[in-house]
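Reader: Hi! Could you give me a close look at the packing inside this model, and at one part that contributes to it? Please spell out the cut-offs as you go.

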Amino acid sequence: MNEKRKKLILLSKESGYRDMMKNIRMWEDLFNDDLKWISIILSLLFTALVMLLNTKGQAINFLSNLLPTMIGGMIGLMAFSLSAIAIVTSTVSDTFLYSVLESSENQGQQNNEDKPDPFYKIKVLMYTFYFSGVMNLFSVFILTVSYAFTYFPVSDSFRIVSLPILSIITSCIVVFSLIYSLKLIGTCIKIRFLTVNDK
């Protein structure tokens, strides 16, 4: 086993959910990305629609029909993300990884801090799929909770207070997950041209 392969195996052992959250800090996309503003605006519009329907007594019926469809859609999106990462990882050859690792080592020897570490860049791109899957899973959970809420026997006063809060949280998370999943297209393109950009 050559030295480069040993280093790749060692680096792969350091890759995981904790590495994604602690070192790569993917969760910062929830706050620093422009997607949050799009998610907030769309969630407010959706909540306004729900509250309008609630004044006519149709909100619960509307949500009870909509939420199961959304749950199924998010599960399908998770399957799409899994298939996408499977295809991407299968196209990443050993030669590609060796090239990225060599570029990263050369940059470290040159002490070039202005240019991002190539191996770190590839980890960030790969973890985009990981984080997207986590967000999709959380979306399924929050949608399921919201769907269960439509069957809870609660008073009208409690529903008026809780419905907009739950609507904003749920729709914001779902919209963010949907748009973030769409970004995977750009991620696939970046992975394809990463070694070209590093030369």
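**The core and a helix beside it**

Author: Happy to! The largest nonpolar core holds 13 residues, and the members that touch the most others are Val50, Ala59, Leu63, Met74, Leu143 and Leu163. H5 supplies the largest share, with 6 residues. A nonpolar core here is a set of buried Ala, Val, Leu, Ile, Met, Phe, Trp, Tyr and Cys residues joined through side-chain atoms within 4.5 Å. Buried means under 20% relative accessible area, exposed over 50%, and partly exposed in between (1.4 Å probe, protein chains only). Helices (H or I, at least four residues) and strands (E, at least two) are DSSP runs, numbered from the N terminus.

A word on the source: this is a predicted model, where local features need pLDDT of at least 70 and side-chain atom pairs count only at pLDDT 80 or more, while totals for chains, interfaces and linings use all residues. Residues are numbered from 1 along each chain as its sequence is written, and side-chain values use heavy atoms, with hydrogens and water left out.

For the setting, the chain has 9 helices and 0 strands, and 35% of its 199 residues are buried. Contact means heavy atoms within 4.5 Å. Among contacts with a separation of 6 or more, 85% join residues 24 or more positions apart.

A second, separate core of 7 residues includes Phe131, Ile142, Ile173 and Phe176.

Now to H4 itself. The expected span of a helix is 1.5 Å times one less than its number of residues. For the 21 residues of H4 that gives 30 Å, and its end C-alpha atoms are 30 Å apart, which agrees. Which residues of H4 are buried? They are Leu35, Ser39, Ser43, Thr47, Val50, Leu53 and Asn54. These residues cover an arc of only 115 degrees around the axis, which puts them on the same side of H4; the arc is that of the directions from the helix axis to the C-beta atoms. An α-helix has 3.6 residues a turn, so residues three or four places apart point the same way. Turned away from the buried side of H4 is a face that carries the exposed residues Trp37, Ile41, Leu45 and Thr55.

Within H4, Ser43 is buried at a relative accessible area of 1%. Beyond its neighbours within four places in sequence, Ser43 is in contact with Ile168, Ser171 and Cys172. Just after H4, Gly57 takes a positive phi of about 75 degrees.

Finally, the rings. Rings of Phe, Tyr and Trp (its six-membered ring) pair if their centres lie within 6.5 Å; planes under 30 degrees apart count as stacked, over 60 as edge-to-face and the rest as tilted. By this rule there are 6 aromatic pairs. Tyr147 and Tyr151 have ring centres 5.4 Å apart and planes at 80 degrees, so the pair is edge-to-face. Phe149 and Phe152 also form an edge-to-face pair, 6.3 Å centre to centre with 85 degrees between the planes. Phe149 is buried at 8% relative accessibility, whereas Phe152 is partly exposed at 46%. Ring pairs also link Phe131, Phe176 and Tyr180 into a cluster.
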